[in-house]
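Dear colleague,

Please find below the structure that I am handing over to you. The notes after it set out what was found.

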Amino acid sequence: MERLIYLNCISALKARIDSRKGLVQVLLGPRQVGKTTSILKLIEDYYPKQALYVSADQVFHADREWLQFNWQKAQEERKILFIDEIQKSYNWSETIKSLYDASKRAKKPVQCVLLGSSSLQIQKGLSESLTGRFQLTNVYHWNYKESNEGYKLTFEEYLKFGGYPGSYQFINSSDWVSYVRNSIIATVIEKDILQYHTVKNPALFRQAFEILISYPAQEISYTKLLGQLQDRGNVELIKYYLSLYEGAFLIKTLDKYSNKSFKIKSSSPKILPMAPCLPYLSILDKYSTEETGRALELMVGTQLVRLDEALYYWREEDKEVDFVLKIGRNLYAIEVKSGRYKNSKGLEAFRKKFPNTKGLIITPENYLNFEASPKAFIEQYAL
């Protein structure tokens, strides 16, 4: 686990640290994918005497004074300050801003690296207080290549169990379900969501998650989702729940593509659980042909999310396109075919409506090449 994450994520962070541009470095991503392990390995390998590592999760009250103490210690000892679980420190963004600005004025800068696992909390702090003062490095769930090289997972195993490397040791054990549900999902919901956000009915909130992960790579209306909850609510409640699960890196929702923005905002969402193991919790059995197709489509979607570009789906009547990717002025319509029968009339209809679109079909045969470098693959093979 350490080696793979170190190579695929931390090398970029190390380059930014070594550039000494003076910006706060932020490492942001899901729980249980190896952020802390990777940082500790980075410190051990490259900064054993230059780093001060602290975690807001390991103190009773990580407040302003705690941050000030560690900042000043790093400043006096000329060390790189690594602060883990920064979202757990009260009013952290304002405090870091104050310390950063004061150090800059005094010409005694501190190299600071912040780690977090709650997107909503971190992004809010970054946008409100640290604008222009930070660089963001994103961490993601493990993809197939990483899982295969690190733990020898087969493609079929990854379709069911992929995403969280800590769970791989339990794949052939009855403990797998318990580990994912209790050590990962329950922890994320309790520590990254309910601890910081108001949810009037936590039981309903958890039920909503079970419903959402049962629709992998599928479009579903807000009213249909609402109708499956065992309580009264409204569409705004569902949208709020979705935003919280997105902020905790559990789910990503895609809007329907349109060249008219008001139609995008009013569309039904397409649900992308961010790790293949999440929807498998609703099945726990051999995949049907249709379920295998959805699992592959989900894998493609999660890799497209990594590009951090505008990503949509498209549908009109019985014609649909799995993913619509917009990079600058370029528009790509992407279909995923897993072997189950699936015609290309959606791709053809979309390109007819949006003539400058380039089309691409991803299959199990070319998936590994796509995953190795999604953007390069799309630019090379889309026609």
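I begin with Asp308, which is exposed, with a relative accessible area of 62%. Please keep in mind throughout that this is a predicted model. Asp308 is placed in the loop between helix H14 (289–305) and strand S9 (310–316). Its phi is near 55°, a positive value in a residue other than glycine. As background, most residues other than glycine have a negative phi.

Gln32 also deserves a look, for it has a positive phi of about 65° although it is not a glycine. This residue is found in the loop between S1 and helix H2 (35–46).

Is Pro276 buried or exposed? Its relative accessible area is 4%, so it is buried, the cut-off being under 20%. Not counting residues up to four places away in sequence, Pro276 touches Tyr158, Leu159, Lys160, Gly162, Gly163, Tyr287, Leu298 and Met299. Between Pro276 and Ser214 there are 62 residues in sequence and 11 Å in space, C-alpha to C-alpha.

Five strands form an open sheet with parallel pairing, and their order is S2-S3-S4-S1-S5. At its edges are strand S2 (51–55) and strand S5 (134–138), each of which pairs on one side only. From one strand to the next, the twist averages 20°.

Within this sheet, strand S1 (residues 24–28) runs parallel to strand S4 (residues 112–116), and four bridges join them. Val26 has Leu114 in S4 as its bridge partner. Helix H3 (residues 64–77) packs on the sheet, where it touches S2, strand S3 (80–84) and S4. The direction of H3 makes about 170° with that of S2. Helix H5 (residues 119–129) packs on the sheet as well, touching S1, S4 and S5, and its direction makes about 160° with that of S1.

S2 and S3 are paired in the parallel sense over five bridges, and Tyr53 stands opposite Phe82 in S3. How many of the five residues of S3 are buried? The count is five of five, and S3 is mostly covered. Ile80, Phe82 and Asp84 point one way from the strand, while Leu81 and Ile83 point the other way. In a regular strand the side chains alternate between the two faces of the sheet.

Seven strands make up an open sheet with mixed pairing, in the order S6-S8-S7-S9-S10-S11-S12. Its edge strands are strand S6 (218–219) and strand S12 (358–362), and each pairs on one side only. Five bridges link strand S11 (residues 330–336) with S12 in the parallel sense, and Val336 stands opposite Ile362 in S12. Helix H17 (residues 374–381) packs on this sheet and touches strand S10 (319–327), S11 and S12. The direction of H17 makes about 120° with that of S12.

A pair of helices

Two packed helices are described by the angle between their axes and the distance between the axes. The axes of helix H9 (residues 202–212) and helix H11 (residues 235–247) come within 11 Å and cross at roughly 75°. H9 is therefore roughly perpendicular to H11, a term that covers angles from 65 to 115 degrees. Leu204, Phe205, Arg206, Ala208, Phe209 and Leu212 in H9 meet Leu237, Tyr241, Leu242, Leu244 and Tyr245 in H11. The residues of this contact divide into 10 nonpolar, no polar and one charged.

In soluble globular proteins, nonpolar side chains tend to be buried together. The largest nonpolar core here has 91 residues, of which Phe82, Leu304 and Ile378 touch the most other members. Helix H8 (residues 175–194) gives the most to this core, with nine residues. Ile378 is in contact with Leu304, Leu307, Leu325, Tyr332, Ile334, Leu360 and Phe370, leaving aside its neighbours within four places in sequence. Apart from this core lies another, of 25 residues, among them Leu52, Ala62, Leu67 and Ile83.

Yours sincerely

Notes: Residues are numbered from 1 along each chain as its sequence is written. This is a predicted model: local features need pLDDT of at least 70, side-chain atom pairs count only at pLDDT 80 or more; totals for chains, interfaces and linings use all residues. Side-chain values use heavy atoms; hydrogens and water are left out. Two strands pair if DSSP finds at least two bridges between them. Helices (H or I, at least four residues) and strands (E, at least two) are DSSP runs, numbered from the N terminus. Axes are lines fitted to C-alpha atoms, for helices over the stretch in contact, and angles run from 0 to 180 degrees between N-to-C directions. Contact means heavy atoms within 4.5 Å. Angles under 35 degrees count as roughly parallel, over 145 as roughly antiparallel, 65 to 115 as roughly perpendicular and the rest as oblique. Ala, Val, Leu, Ile, Met, Phe, Trp, Tyr, Cys and Pro count as nonpolar, Asp, Glu, Lys and Arg as charged, and the others, Gly among them, as polar. A nonpolar core is a set of buried Ala, Val, Leu, Ile, Met, Phe, Trp, Tyr and Cys residues joined through side-chain atoms within 4.5 Å. Buried means under 20% relative accessible area, exposed over 50%, partly exposed in between (1.4 Å probe, protein chains only).
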